[in-house]
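My notes follow in the order I looked things up.

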Amino acid sequence: MYPRLSDILNDLFGVQSPLPIYSFGAMMAVAFLVAMWLTRTEMDRLYAAGRLGSVRLPVKDERKGRKVMKEMPPSALVGTFVMLAVVGGVLGAKLFHILENLDAFARDPLGMIFSVGGLTFFGGLICAAGAIAYYVRKKGLSVPLVADAVAPSLILGYGIGRIGCYLAGDGDWGVCSDLANKPGWIPNFLWSETFPRNLMGPGQTPLDVLAYENCPPGADGVFPTMLYEFAMCAVLFGILWALRKHPFKAGWLFSLYLVFTGLERFLIEQIRVNNEFEVFGLVVTQAEVLSVLIMLAGAVGLARTTKRRGATPTPPAQPVASAAA
């Protein structure tokens, strides 16, 4: 694995870089950049179609030497969306991780709070979505319509982030795998991975760190679930992007996204290692419970929005200056 980009340079070119740029952070940056571009593209399309209105933002007036309010396309808010997603996402992800590991939190609360690891995606999604929705409403835009514009980029950004997890070998591993059970058409690295040089420490593979009790004697490694998630997210992104011009009410595409992301995570949890607990006699993970709840929320949203929207009102014509003016 390549927890740092310098590891890749060293392997390919024999170049030792003093800059410890971590692969996970680099892939997260790529995910945010791609998500920003896609969201801006879609919001500009909705604005040009007259479905999203403009927003008033403070802009520095060089002549007056102070900031003035100016009408701008709604895509100008995307940068703020990213900041809210980062802050709200990290806080929410950390909170849900603590709730999932209360025993470890009780032993070392400060260590868990300030550690760079330990982030739960659904916690980040819920808190970031709440913060962005509040900001969008404050700016006078339609929250469901903006949610539709953001939906495709959310699922692709998540998938790109999982590539960062794979390169870092940060512990998002699957259960033990045995190459003897692998279908012939699947490459070995897609079936079994030991994650050498992972962030857990030199020489520490998943089999060493997690000490699986149910591993078969011939276990070769673990399923690289991060790659499976990236593949599923890429396919689901393609579907959402193809359906972005849907004829239904605002919020329909985001509701479909909720169903997709919940289903994707629920399926991957079946072969992924996570903390388990008992709910109504069932042994489940936190992600499985949240996946089901998110799918249900998406299904309710689809039921309420699968209705053809009315005709889009034509934007008022801009006044044309007279020749004498």
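**Entry 1: H2 and H7.** I began with helix H2 (residues 23-48) and helix H7 (residues 143-168), whose axes come within 8 Å and cross at roughly 165°. The model is a predicted one. Angles over 145 degrees count as roughly antiparallel, so I wrote H2 and H7 down as roughly antiparallel to each other. I noted the hand of the crossing of H2 and H7 as right-handed. I then sorted the residues of the contact of H2 with H7 by class and found 20 nonpolar, 6 polar and 1 charged.

Entry 2: I checked the length of H2 next. Its 26 residues should span 38 Å at 1.5 Å a residue, and its end C-alpha atoms are 38 Å apart, so the two values agree. I looked up burial in H2 and listed Ser23, Met27, Ala31, Ala35, Met36, Leu38, Thr39, Glu42, Met43 and Leu46 as buried. After H2 comes Gly50, and I noted its positive phi, near 80°.

**Entry 3: H10 and H11.** I moved on to helix H10 (residues 252-269) and helix H11 (residues 286-305), which pack at an angle of about 155° with their axes 7 Å apart. H10 and H11 are therefore roughly antiparallel to each other. Their crossing is left-handed. I went through the contact residue by residue: on the H10 side I found, among them, Trp252, Leu256, Val259, Leu263, Arg265, Phe266 and Glu269. On the H11 side the residues include Ala287, Glu288, Val292, Ile294, Met295, Gly298, Leu302 and Thr305. By class, the contact of H10 with H11 divides into 13 nonpolar, 7 polar and 3 charged residues.

Entry 4: H11 has 20 residues and reaches 28 Å from its first C-alpha to its last, close to the 28 Å expected at 1.5 Å a residue. For burial in H11 I wrote down Gln286, Ala287, Glu288, Leu290, Ser291, Ile294, Met295, Gly298, Gly301, Leu302 and Thr305.

**Entry 5: Thr225.** My last look was at a single residue. Thr225 is found in helix H9 (residues 225-242). Is Thr225 buried or exposed? Thr225 counts as buried because its relative accessibility is 0%, and buried means under 20%. Leaving out residues up to four places away in sequence, I found that Thr225 touches Asp172, Trp173, Gly174, Ile268, Ile271 and Arg272.

Conventions
Residues are numbered from 1 along each chain as its sequence is written. This is a predicted model: local features need pLDDT of at least 70, side-chain atom pairs count only at pLDDT 80 or more; totals for chains, interfaces and linings use all residues. Side-chain values use heavy atoms; hydrogens and water are left out. Axes are lines fitted to C-alpha atoms, for helices over the stretch in contact, and angles run from 0 to 180 degrees between N-to-C directions. Helices (H or I, at least four residues) and strands (E, at least two) are DSSP runs, numbered from the N terminus. Angles under 35 degrees count as roughly parallel, over 145 as roughly antiparallel, 65 to 115 as roughly perpendicular and the rest as oblique. A crossing is left-handed if the near helix is turned anticlockwise from the far one by less than a right angle, and right-handed if clockwise. Ala, Val, Leu, Ile, Met, Phe, Trp, Tyr, Cys and Pro count as nonpolar, Asp, Glu, Lys and Arg as charged, and the others, Gly among them, as polar. The expected span of a helix is 1.5 Å times one less than its number of residues. Buried means under 20% relative accessible area, exposed over 50%, partly exposed in between (1.4 Å probe, protein chains only). Contact means heavy atoms within 4.5 Å.
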